[in-house]
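Let's take a friendly walk through a protein model with its sequence beside it. Have a look at both before reading on.

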Amino acid sequence: MKVSVLTFGEVADIVNASSFDLKDVEDTDTLKQLLEDKFPRLKETRYAVAVDKKIVNQNVTLEDASIVALLPPFSGG
Amino acid sequence: MPDKKPKDIFIEGPVNPQFISDSIAQHSTKTSIGAHSIFLGQVRNDVINGNEVTAIDYTAYREMCLEKMQAIREEIFAKYPLTCMHIHHSLGKVKAGEISLFVFTSSAHRKAAIDSCEEVVERIKAELPVWGKEIFDDSSYQWKKNNIN
């Protein structure tokens, strides 16, 4: 199974990509851990996680074609 | 899924003052309206550590924004007796002094227009996944932070 990851703002700067795919990531906690291991600066960054455009506050199981977005604090307007 | 396609709120670059004026003029046929309230967000040239903000470059998680905005729109219309509401937010680069947010509410009497306009502006800033990159005069940048009350 494959999930799409979208990143924005400071998170996109840190991972140096605005979208990429990841294979066989079971849930959002695993995904966060994987990225934080690879990009340690993420650990010091505040960001929310959205799965299929809904912000999730707990660990969520991912499915094939899930879209996971990493959202730093909003600053529109 | 929403049963209808959400309205697009985004425009590329700054909100042109002529567009704002045209939007006001378009309401002259809606004669049940007695009050308009308008909020305009303008890019401010903050000075941070000696560097001046010359522009803000906006990006958004577009699909999520439009769904969220549709939900906010429905809640606002349920709460206030509005005739109409229009929202336009910039994407891409907006220079200091230019307009990046245009919120326009109309109602029969002023209180609904004024209160709903303020509430929508606050909700846009707090809830829409939009990010502003503040570009300084030396080409460096920082990610803008909103003051959420």
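## One residue up close

A residue counts as buried when its relative accessible area is under 20%, as exposed when it is over 50%, and as partly exposed in between. Please keep in mind that this is a predicted model. With those cut-offs ready, is Ser4(A) buried or exposed, or something in between? Its relative accessible area is 27%, so Ser4(A) is partly exposed.

You can find Ser4(A) in strand S1 of chain A, which covers residues 2-7. Setting aside neighbours within four places in sequence, Ser4(A) is in contact with Phe20(A), Asp21(A), Ser66(A), Ile67(A) and Val68(A). Take Asp21(A): 17 residues separate Ser4(A) from Asp21(A) along the chain, yet their C-alpha atoms are 4.5 Å apart.

## Where the chains meet

Now let's turn to the two chains together. On the chain B side, 22 residues are in contact with 18 residues of chain A. Between them the chains bury about 1700 Å², and 57% of that is on carbon and sulfur atoms.

## Polar and charged links

There are 2 salt bridges between chain B and chain A. One of them joins Lys54(A) to Glu67(B), with the closest N and O atoms 3.2 Å apart. The two chains also share 15 residue pairs in polar contact. As for the side of chain B that touches chain A, by class it has 12 nonpolar, 4 polar and 6 charged residues.

Terms used. Residues numbered from 1 in each chain as written. Chains lettered and ligands numbered in written order. Predicted model: local features only at pLDDT ≥ 70, side-chain atom pairs only at ≥ 80, totals over all residues. Heavy atoms only, no water. Contact = heavy atoms within 4.5 Å. Buried area = accessible area lost by both parts, 1.4 Å probe. Salt bridge = Lys/Arg side-chain N within 4 Å of Asp/Glu carboxyl O. Polar contact = N/O pair within 3.5 Å; in protein donor to acceptor, adjacent residues only side chain to side chain. Nonpolar A, V, L, I, M, F, W, Y, C, P; charged D, E, K, R; others polar. Helix = DSSP H or I, 4+ residues; strand = E, 2+ residues; numbered from the N terminus. Buried < 20%, exposed > 50% of the residue type's maximum accessible area, 1.4 Å probe, protein only.
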